[in-house]
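Reader: I am new to this one and would like to learn how to read it. Please show me the model, and then we can go through some features together.

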Amino acid sequence: MIDSNVCTKIVRTAGVTADDIALEIGPGLGSLTLAMLDAAKSVIAVEIDPRLAEQLPLTVAEHFEHPENLTVINKDALAVHDLPVAPTVLVANLPYNVSVPVLLHLLEKFPTIRTGVVMVQAEVADRLAAKPGGKEYGIPSVKAAWWADVKNVGTVSRSIFWPAPNVDSALVYFAKREVALGSETERLATFEAIDAGFAQRRKTLRQALAEWAGSAARAEEILIAAKVSPQARAEELTVHDFLRIAQAKNV
């Protein structure tokens, strides 16, 4: 990323303040890292490429008065399960193939994160921010909604990247729920229901959830108990609906 104005916009959109410990995924050459260091108390940058991870502290030392405010971790973001300090805000530039798993992983592992902005491929942004009933609405939409209110806050020009990518990017803003929808046991059960429901999204939930429930008849009982029509389809349901379905199965 080579446009400082866009970096500043991302930091502002994420709501980074002087009290925040910012977690950055995929810092690359460090343009966004420098913008976050200007705004946050400190920055933890996770970079999978060892060459970039080695260069980043040197770049920051050349351009920033307090390079000690940066911690660089050379690791795959999906393998990060703990950090030296609890992060409060997330900013990430995520590649298409891992963007959804990384975001969900970080929201699960670091409950102290309250807000954030992730840059992803435009199609992924549409899926993450989709609401029930649309063609983009699917597993990423519902699982992200478990953790946070998610919004697509605009596209990003290819020209701000070097080298320029072959796909369009967009920014996704999220604000974590102040109160969790349920326990960790309920989350896991809900995510199983979501996976089952969307595995055969053209089918009614009575049929789509048959294997998950044990039979189509049992699936219908569960759906009725959860106040969801057995003839509905997964793309019509909110995360709250899936939570009720999971709860009804385990009653």
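Author: Let us start with Asp 49, which counts as buried at 17% relative accessibility; buried means under 20% relative accessible area, exposed over 50%, and partly exposed in between (1.4 Å probe, protein chains only). This is a predicted model, where local features need pLDDT of at least 70 and side-chain atom pairs pLDDT 80 or more, while totals for chains, interfaces and linings use all residues. Residues are numbered from 1 along each chain as its sequence is written, and side-chain values use heavy atoms, without hydrogens and water.

Reader: Which residue forms a salt bridge with Asp 49?

Author: Side chains of opposite charge can pair when their charged atoms come close. Here the partner is Arg 51, with the closest N and O atoms 3.2 Å apart; a salt bridge needs a side-chain nitrogen of Lys or Arg within 4 Å of a carboxyl oxygen of Asp or Glu. Arg 51 is exposed, with a relative accessible area of 65%, whereas Asp 49 is buried.

Reader: How many salt bridges does the structure hold?

Author: There are 10. One of them joins Arg 187 to Glu 184 at 2.7 Å, N to O. These two sit three residues apart in helix H7 (residues 184-199), so about one helical turn separates them; helices are DSSP runs of H or I with at least four residues, and strands are runs of E with at least two, numbered from the N terminus. Arg 187 is buried at 5% relative accessibility, while Glu 184 is partly exposed at 40%. Both belong to a network of salt bridges that also links Glu 108 and Lys 109.

Reader: Where is Arg 127, and what does its side chain meet?

Author: Arg 127 lies in helix H5 (residues 122-129), four residues from Glu 123, so they are about one helical turn apart. Their side chains meet in a salt bridge of 3.8 Å, N to O. Arg 127 is partly exposed at 31% relative accessibility, and Glu 123 is partly exposed too, at 44%.

Reader: Which residues line the largest cavity?

Author: Leu 103, Leu 107, Ala 144, Val 150, Val 172 and Phe 174 line this cavity, a set of points on a 1 Å grid over the protein atoms alone where a 1.4 Å probe fits but cannot get out, with lining residues having an atom within 4 Å of a point. Helix H4 (99-109) and strand E7 (169-176) each supply at least two of the lining residues. Its volume is about 30 Å³, meaning the space filled by probe spheres set on the points.

Methods: 1 Å grid on protein atoms, 1.4 Å probe; cavity = no way out; pocket = protein on both sides within 12 Å on 5 of 7 lines; lining within 4 Å.
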